[in-house]
Amino acid sequence: MAIKYNADTKTFALETADTSYLMKVSRYGNLLHMYYGAKIPDQDLDYLLSFQDRGFSPNPNEAGNDRTFSLDFLPQEFSTDRSGDYRTPSVEVIWGDGGTAFSGKVAGYEISPGAAEIKGMPGLQKNGKEQVDTLVIRLEDPVSRVEAKLFYTVFEEKNVIARSVILANYGTRDLRLERLMSGTVDFRDSEYDLIYFSGRHTMEREMRRISVADGIHSIGSTRGSSSHQYNPFAILCEKNCDEDKGQCWGFSLVYSGNFLMETEKDQYKQLRFQAGINPKGFSFLLEPGEEFQAPQLIMAWSGSGLTGLSHIYHRLFRENLSRSPYQKKLRPVLLNSWEAAYFDFDDEKILSIAKAAADMGVEMFVLDDGWFGKRNDDCSGLGDWTVNREKIKIGIGKMSEKIHEMGMKFGLWIEPEMISEDSELYRQHPDWCLREPGRPATRGRYQLVLDLSREDVCEYLIETINHILDQAGAEYIKWDMNRSITEAWSGLLGREHQGEVFHRYVLGLYHVMDRVILTHPDILFCGCSGGGGRYDPAMLYYQPQIWCSDNTDAINRLKIQYGTSFAYPPCTMEAHVSVCPNHQTGRSVPLHTRGVTAMGGVFGYELDPTKMTEEEKEQCREQIRFYRKYAKVIMEGDYYRLTDPYENRYFTAWESVSPDGKKALLSIVVTDKEGNDAQRYVKLKGLNPDEYYRIDGWKGKFSGRLLMNAGIPVPESLREYDSLQIGLKMV
Ligand code: GLA
């Protein structure tokens, strides 16, 4: 059993293959956090706690005259408000009388096999026969009889602990929940760096590493989606931690809405990390008998640096998250029409692009935005999910048939959560969008957001999308979401419930996805929000791949894919070859390099092949052949970041190694070049040191130990933006 309770020391121990997580019930019933890190023997860690009389650190009433006991400096599992801990709490409530004090005392616990269910939200699942157990610790506020149930699901072999919290109102009074963090971890020291992934539209998930400083540092989203600006994933690591060494702790929130991740270095140089729904814009009314569940927080620890941590998340996300059967399949090489035609097409143009794509060896054609309603530009049409007969005269079913006849699968773009004011849907249901009464609505990309907190809107969407799927005969759907939410006010909720709308929207979205995506396991769904604006584990539960970014510039993509790879495996990152000069940056990069970068993820194209020369098309055919050869290694193998694109301005390199270490693919892109340049080397990783490898196109064989320690030279003949892919095979 991975979960133990020692009644003598009142200690809970959660054990995975390599880690221990320990908690202890204090002498007054509080739940203290004792340790999270490398596996240690189950032992009383009481000696680590320091009890001292500290000025201005109040003592709980039950401590009587004991001035050495204060929650102000003790490490806690679930910090409550107004009871002596002045760091930011895990929970904040407002009682009916305006009071806010809350105190959680351990009232019991249960251990059960299997993973915890997260009600209405995605969560990790047990995979096969692996050992997965769940501990629930109940903390009761004796005065109100409100309970906080802390969930810990331990994935023993995966080295992962997934947390969640339910706040249950078993009392007789209403309460207003203002904050409920999914997880709080109190570290006794704070000499750590915080790594997070920030960005903007077309430049998502840039890796940032800062030293944890005094006070609070927070990242998060208030945009209604997990956002381009900050990803709901963060790492705390030792100062000397790098890809290959040092301790690091990962925190990944399985949530697609407003979130908060926060470090707080306190007066005693201790560090609190918290993650959960962003309290800004959140206020949930809980009547007697009601409960609220916080989304799942996935925690992992690695003692062997950042690569080790990434491998834990990659494996977990490949095996325990996605509900799509496509997760385990190789994905078709697709060509998407967006950068090929934008809104400017008719069926003849689309079919000629598709024909040229088929001729290139493309396996699936995806018709992007512009096929429905009066959608001739982005000012209108969202909500009217019937085919635009002026553009697609043959209808969508026929279009799909013709694509199938070409030997390709067919895919379609939708953006179901949105509504254009110039649409039939809006004319019929102007009240179905999020907006505040009596105020003009704020537009984003000319569009408004449907109110998914409403059951009727969700039911309508389920029916409408299912109808599109039936009509279209599509094997792939790209589900987009192209603006941030502004006025989160719903016409069907009373004023006391308006603080719930952001969260109810997310629950509504998950409900729609449950009923549309999970009922169509045969369709491959791709997530998208202006590229990677909703790149989170909850979306990956439904959609095994996500359009990584609207930025298709192969050089910018190196950083975007680098940042994305810390949490998310290549099999989740959709990446396309587009034309040059690139539409986002104006940069020109050789077609070969565009292919190499796109093969860092789920490979495809986003260009008009009718405008390509025969030579270019032949090059694409070769790319597709090459990708097919290595697709399994890229999709299922271990991913290694060999360079840091922020530190090494000369080249970016990465590598995928098959799980058995027998096959590897090394990719190098030259990002800068100087005259009479130095000879540079790249050291491989993840090979078997005691075996020999053949390198495609090279003579002889090379020991894994040699390749990992001496490396191979980056050929001097490569010019700026040139690239190289090298396949390796164990002899
Ligand atoms: C978003 C997506 C693009 C494309 C357009 C269509 O920006 O990220 O890939 O689908 O919408 O409007």
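This is a predicted model: local features need pLDDT of at least 70, side-chain atom pairs count only at pLDDT 80 or more; totals for chains, interfaces and linings use all residues.
Reader: Between which two strands is Thr202 placed?
Author: Thr202 is partly exposed, because its relative accessible area of 24% falls between the limits of 20% and 50%. As for its place in the chain, Thr202 belongs to the loop between strand 11 (192-200) and strand 12 (203-211).

Reader: Which residues does Thr202 touch, not counting those up to four places away in sequence?
Author: The C-alpha atom of Thr202 lies 8.2 Å from that of His228, a residue 26 places apart from Thr202 in sequence. When residues up to four places away in sequence are left out, those that Thr202 touches are Ser549, Asp550, Asn551 and Ile560.

Reader: How many residues of helix 9 are buried?
Author: Helix 9 covers residues 554-564, and among its buried residues are Ile560, Gln561 and Tyr562. At the start of helix 9, a side-chain oxygen of Asp553 reaches to within 2.7 Å of the backbone nitrogen of Ile555. Helix 9 is largely enclosed by the rest of the structure, because the number of its 11 residues that are buried is 10.

Reader: Which residues come nearest to the ligand?
Author: The shell around the ligand, sorted by class, has four nonpolar, three polar and six charged residues. Of the 13 residues around the ligand, the ones that come nearest are Asp368, Asp369, Arg445, Lys478 and Asp550.

Reader: How much of the area that the ligand exposes when taken alone does the protein bury?
Author: A polar side-chain atom of Asp480 lies 3.0 Å from an oxygen atom of the ligand, and a backbone N or O atom of Gly531 lies 2.9 Å from an oxygen atom of the ligand. In the side chain of Trp547, an N or O atom is 3.3 Å from an oxygen atom of the ligand. Taken alone the ligand exposes 300 Å², and the share of this that the protein buries is 96%.

Reader: Is Ser490 buried or exposed?
Author: Ser490 is placed in the loop between strand 26 (476-479) and helix 7 (501-516). Not counting residues up to four places away in sequence, Ser490 touches Asp451, Ser453, Arg454, Gln498 and Val501. Because its relative accessibility is 1%, which is under the limit of 20%, Ser490 counts as buried.

Reader: What is the phi of Tyr446, which is not a glycine?
Author: Arg205, which is found in strand 12, has a phi near 50°, a positive value in a residue other than glycine, and Arg205 is buried, with a relative accessible area of 2%. Tyr446 is placed in the loop between helix 5 (424-428) and strand 25 (447-449), and at 45% relative accessibility Tyr446 counts as partly exposed. The phi of Tyr446 is positive, at about 65°.

Reader: What is the omega of the peptide bond that joins Cys580 and Pro581?
Author: Pro581 is found in the loop between strand 29 (573-578) and helix 10 (591-598). The peptide bond that joins Cys580 and Pro581 is cis, with an omega of about -5°.

Reader: How far apart do the C-alpha centres of domain 1 and domain 3 lie?
Author: The domain assignment of the protein gives domain 1 (3-319), domain 2 (331-547) and domain 3 (651-730). Between the C-alpha centres of domain 1 and domain 3, the distance is 41 Å.

Definitions and conventions. Residues are numbered from 1 along each chain as its sequence is written. Side-chain values use heavy atoms; hydrogens and water are left out. A residue is near a molecule or strand if one of its heavy atoms lies within 4 Å of it. A polar contact is a pair of N or O atoms within 3.5 Å; within protein, one must be able to donate a hydrogen and the other to accept it, and residues adjacent in sequence count only if both atoms are side-chain atoms. Accessible areas come from the Shrake-Rupley method with a 1.4 Å probe; for residues, only the protein chains shown count as cover. Ala, Val, Leu, Ile, Met, Phe, Trp, Tyr, Cys and Pro count as nonpolar, Asp, Glu, Lys and Arg as charged, and the others, Gly among them, as polar. Buried means under 20% relative accessible area, exposed over 50%, partly exposed in between (1.4 Å probe, protein chains only). Helices (H or I, at least four residues) and strands (E, at least two) are DSSP runs, numbered from the N terminus. Contact means heavy atoms within 4.5 Å. Domain bounds come from an automatic or database domain assignment.
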